[in-house]
Amino acid sequence: MCAVYALRRNPQRSAPVNPILATWPLLLGMGILMLGAGLQSTLLGLRATLEQFPTPVTGMIMSCYYVGYLIGTRLAPRMLRRVGPVRVFATLAALASVTVLIHASWVHPVPWALMRFISGVCFAGIYVVAESWLNHRASRTNRGQMLAIYMLVLYVGLGGAQFLLVLSSPQSSEPFMLVAALISAAMVPIVASAQEVSGPATPQRVRFRDLYRNSPLGVVAVAFSGMISSIIFSMGPVYARLSGFGTRGVAAFMGVSILAAVLTQYPVGRLSDRLDRRTVIASMCLLATLVAAVIEVFGPLPWPGFLALAALFSGSALTLYSLSVSHVNDKLEPSQMVAASSALLLVNGMAAALGPLVTGGLMGAFGARAYFGVLGTLTGTLTLFDLWRKLRNSAVPRSQKSPFINTRDLVTSAGLGPTATGAESGPAAKGSGTSPAGAPRQ
């Protein structure tokens, strides 16, 4: 507690020498939590298909998670102020475990949709607690490193979770019990060490209109990335099952799709620090569009080749949120970034809620091949919008670019306190929409 008191008195105080040692309970707990969350998402999509839920209904069920997520990001900061992070995390994790068990006990679209909604609310609050811890432990000199390690743990957990499907039949209750056990186990290291976490400051609001005026491409790309990632995580298992893959095939498809992002996030992000980010975004979108077109035109493909293309698509497409947020931050003052992050999260979450809903309807009408058709259409459209913006405006000068932020729409930036970042609160943090002097609008 003394360390926290000193930090409050001197926000600029440097973080511990080794950030890994300071945050290992968070990293361990979130890694375990992602094993449960990743298995849950894939399991529900696969089980819904095995239960012969109509594909549009499955899409609607999966979308309920993102609706709950949006609401959770608004409720969690209020809960943190009232009862503190330890109780919030424990309460939400316990409730999330209960929703998983209800999925196993009551296999029907209506309760599943309700439980997915509640699960979204719970995970939003959990992410707020986790990231407020990370934010208080970070300094300006190691924040990028800590975010990169944090995201690496999340992706490894999500990707590794896909292979837990082979441990039991998805038509039994055992995998649901495993998910509930993993979510409950994630509480142990975090709750045991969370006494040193102080509640986050109230996030300031920012007007969407001003944010869009500053960076049209960044805001649009954040929305598109939300749709793309929600489709991959929610409808990917449905696509794999409708394509005739068995349980092992579904696990392999989802596993390589998610783990590919582990390999691409950092190198692509560092490349965007050296080049015009719009060029990197357009390149990733174009590559993903070409891969989706190959799968659509030449499918069905040999299994190893198909997995390689699926990994290439996801490895490209799942970098878009990180690139987009970094591009928006290039146009903002440091004191505006926390407010902008909360606004971008809402944009991303609203778009994510539409992704499974739209894709489920199209897959119900046109079959499994609509999956990559929708994804390729989204990345292709974003490519064209990106190139149009490049023709209208010049690039952000390298001297005004912010460092790459290695994050994604799986994680919320809501609830990060400006005292931990060293950002000043004030009128500029209320979303005035102004950009650094001389920075052109994108």
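Glu51 is partly exposed, with a relative accessible area of 33%; in this classification, buried denotes under 20% relative accessible area, exposed over 50%, and partly exposed the range in between (1.4 Å probe, protein chains only). The partner of Glu51 in a salt bridge is Arg47, and the closest N and O atoms of the two residues lie 2.8 Å apart. Here a salt bridge is a side-chain nitrogen of Lys or Arg within 4 Å of a carboxyl oxygen of Asp or Glu. Arg47 has a relative accessibility of 7% and therefore counts as buried. The structure is a predicted model, in which local features need pLDDT of at least 70 and side-chain atom pairs count only at pLDDT 80 or more, while totals for chains, interfaces and linings use all residues. Residues are numbered from 1 along each chain as its sequence is written, and side-chain values use heavy atoms, with hydrogens and water left out.

By the salt-bridge rule, the count is 4. Asp276 and Arg278 are joined by a salt bridge with an N to O distance of 2.9 Å, and both residues are buried. Together with Lys390, Asp276 and Arg278 are linked in a network of salt bridges.

A salt bridge is also formed between Arg369 and Glu296, with the closest N and O atoms 3.6 Å apart. This pair links distant parts of the chain, 73 residues apart: Arg369 is in the loop between helix 14 (337-366) and helix 15 (370-392), and Glu296 is in helix 11 (residues 277-298). Helices are DSSP runs (H or I, at least four residues), numbered from the N terminus. Arg369 has a relative accessible area of 52% and is therefore exposed, whereas Glu296, at 23% relative accessibility, counts as partly exposed.

Conventions: Helix = DSSP H or I, 4+ residues; strand = E, 2+ residues; numbered from the N terminus.
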